[in-house]
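Please consult the sequence and the structure shown here while reading.

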Amino acid sequence: MQLLVNIIVLSAIYALISCGYVLIYRVSRVLNLAHGELMMLGAYILLTVASLFTQNAAAALAAALALSLAVGLLVYLFLMRKMTGEMVLAAVLTTIALGILLRGLVVLIWSAQQQYPAQALGLDNPPIVLPGGARISTFAAILVVATGLVYAALFTFLRFGRWGVRMRAAGQNPLLAAQRGINLHVIYALAWGLSTLTGALAGMLIALDSGLTGTMVTIGLKAFPAALVGGLDSLAGALLGSLIVGTAEVLLVYVNPLLSDVVPFLVLIAMLIVRPWGLFGTREELDRV
Amino acid sequence: MSSPPRASGYFRTGYAQDFALVETRLRRTSLAVFALLLVCYPLIASPFGLDLASQVFLNAIGALALMLLTGYAGQISLGHAGLLAAGAYTTGIMFRELSAPFWLTLPASALAGALLGVVFGLPSLRLRGLYLAVSTLALHFVVAYLGAEYETRRGFSTGVTIDPPSLFGHELTDGRLWYLVLLAFAAATLLICVNLIRSRTGRAWNALRSRETVAEALGIPIASYKLIAFVITSAMTSVAGCLFAYYRGFVSIEAFSLFLTIQYFAMVIIGGMGSLLGALLGSVFVTLFPYLIEGALHALPGMERYASDLAAVNQAAFGVVMILFLLFEPLGLVGIWRRIQNYFLLWPFRYRPVGGGGR
């Protein structure tokens, strides 16, 4: 029972992070390798905001989320916008460079020590006992619920929302979309903003649950195989991929604790050998990149 | 590859001249003077300067290898640190378990690298671009895991120590000797690379990078040339890893993080894609960069308080420099160098005449 809860929590973490990879990739064919760092930045923003709103946790979260959205938009506006139309490799390398820049900045501004935003907000994290005797911490439970909500919202947005439809159109064929009067820059900026927002939400909840250090980047990087296993351009795939990767990781860690960091990548390699475009990905993708 | 302008016209009259590596007398003399300076450098340099130069040579081997793969064959590999680790660990394990000498570990590392190159290269037969980058990234983590596993299994929790190697009965402990050995290895790598890219293999890679489908239609077996690119690169990188292990006298998996891969990519980008000179310039720049930052921190007023977080400052500054090069100077240092060269070549004119006269 506890095992099942662990699997669900880890999968939810991966799912919440990996939808950021999917959003950006689906819309602009750019693989954002700075996603882990952006997620960590979101958590640190929460830490700073927490000192302003010490008593009002909801307001602090909302403010931090708004700031993360702004960060995502700014990243596109000042950095990635110049990379549209360049080689894919150049764009990916730019995100890598952005990643190490953020990593350094975070340490410079907030120091490398472990921090606890939950304490700064005056929240405690009591475990909830589920029927069956399994335990889950409050924030982990919130994270699972939040993942469900985010995915439901994204599905509806992409399916029915005016801007969601535009985003899908831009992802399918940028040239035609632009011809139909869709402003690609706005769409791309929106994708970056949303992706950073969801990533930051994941970062904040993880930080509230278990504290915050620079090692959070690793979680972000490990969520990437989940996105790819499901298919880099499919949200449903990201959900399923996260479940697969999460399950594999939780089960294999019992075999050897050192394995924890490689399991997602082993799954990834297996997937790339069998079906490189992922479970739900579009096959033609491979030739387009 | 468009070679930089050398002589001011086309003066080749025989095949021998076509094969020549160095064309004009001015180039020959300047190269000779440069080589002489490099060889004489240990006589005047301080131990710190020697160490810096040795690091540059070590990095240059890896950067040249990565340049072959990415700049010439057009394959992306984010597993460079994994390959270095493979070389270093082959050396470390062989030394620890079999107490093998230098002349055995070096070829063994190269062999291990070549085998790993096949493994790294196999995905490239099916995958392109991003997916290839991702698969090599995954392999990097697998290699890192294997290294960590070995360390914990054998109880070397902090890393594997390696004694200095002996060459012709001499223990390699002196910094000057190391400098010369590494210089020789770097020069050999450069020579191999130069000759590879002007041979059939290099031309095949060039076609492969430009457009795979067309290359295949022209009768180039792209699968085998891709694998060759990976194997050669990996073998060279593993040799660099082996030398790194001996030079440091210590192997630990922490040294081979993803940041190392990023550093090598930075060398290739900052130096200039698709140019061996770029790989060399890039390795000089990236090796010296942390020391420049440290110096700048101490020299600038008000920056002293960041000196305790040197690693973080380094990472941040590194990111900024990489971004600046990617955005504003995609051709890297070589691009700047060529522009300066052109400026003087064309003086007093500012542009090349249409039709590319003089090239």
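Divided by class, the contact of α4(A) with α13(B) has 17 nonpolar, 5 polar and 1 charged residues.

## The side of chain A that touches chain B

Taken over the two chains, 31 residues of chain A are in contact with 37 residues of chain B. Two helices of chain A, α4 (88–110) and α12 (263–274), each supply at least two residues of the side that touches chain B, and α4(A) gives the most to that side, with 16 residues. By class, the side of chain A that touches chain B has 26 nonpolar, 2 polar and 3 charged residues.

## A loop residue beside the helix pair

A:Leu79 lies in the loop between α3 (57–78) and α4 of chain A. Because there are 20 C-beta neighbours inside 10 Å, A:Leu79 counts as buried. Along the chain A:Leu79 and A:Leu98 are 19 residues apart, whereas their C-alpha atoms are separated by 8.8 Å.

## Helix pairs within each chain

Within chain A, the axes of helix α10 (residues 216–230) and α12(A) come within 8 Å and cross at roughly 25°. The two helices α10(A) and α12(A) are therefore roughly parallel to each other, and the crossing of α10(A) and α12(A) is left-handed. The contact is made by A:Lys222, A:Pro225, A:Ala226, A:Leu228 and A:Val229 of α10(A) together with A:Pro264, A:Phe265, A:Val267, A:Leu268 and A:Met271 of α12(A); by class, it has 9 nonpolar, no polar and 1 charged residues.

Within chain B, the axes of helix α11 (residues 258–271) and helix α12 (residues 276–299) come within 7 Å and cross at roughly 125°, which makes α11(B) oblique to α12(B). The crossing of α11(B) and α12(B) is right-handed. Among the residues that meet are B:Gln263, B:Ala266, B:Met267 and B:Ile270 in α11(B) and B:Gly278, B:Leu281, B:Phe285 and B:Val286 in α12(B). The residues of this contact divide into 9 nonpolar, 5 polar and no charged.

## Confidence in chain A

Chain A averages a pLDDT of 86, and 98% of its residues score at least 70. Within chain A, confidence is highest in helix α9 (residues 184–210), at a mean of 92, and lowest in helix α13 (residues 285–288), at a mean of 46. Over residues 285–289 of chain A the pLDDT is below 50, and this stretch has 13 contacts in the model beyond near neighbours in sequence. Where pLDDT is low, the predicted coordinates should not be read in detail.

Methods:
Residues numbered from 1 in each chain as written. Chains lettered and ligands numbered in written order. Predicted model: local features only at pLDDT ≥ 70, side-chain atom pairs only at ≥ 80, totals over all residues. pLDDT = per-residue confidence, 0-100. Helix = DSSP H or I, 4+ residues; strand = E, 2+ residues; numbered from the N terminus. Contact = placed C-beta atoms within 7 Å. Nonpolar A, V, L, I, M, F, W, Y, C, P; charged D, E, K, R; others polar. Buried ≥ 20, exposed ≤ 12 C-beta atoms within 10 Å, placed from the backbone. Axes fitted to C-alpha atoms, helices over the stretch in contact; angles between N-to-C directions. Parallel < 35°, antiparallel > 145°, perpendicular 65-115°, else oblique. Left-handed = near helix turned anticlockwise from the far one by under 90°.
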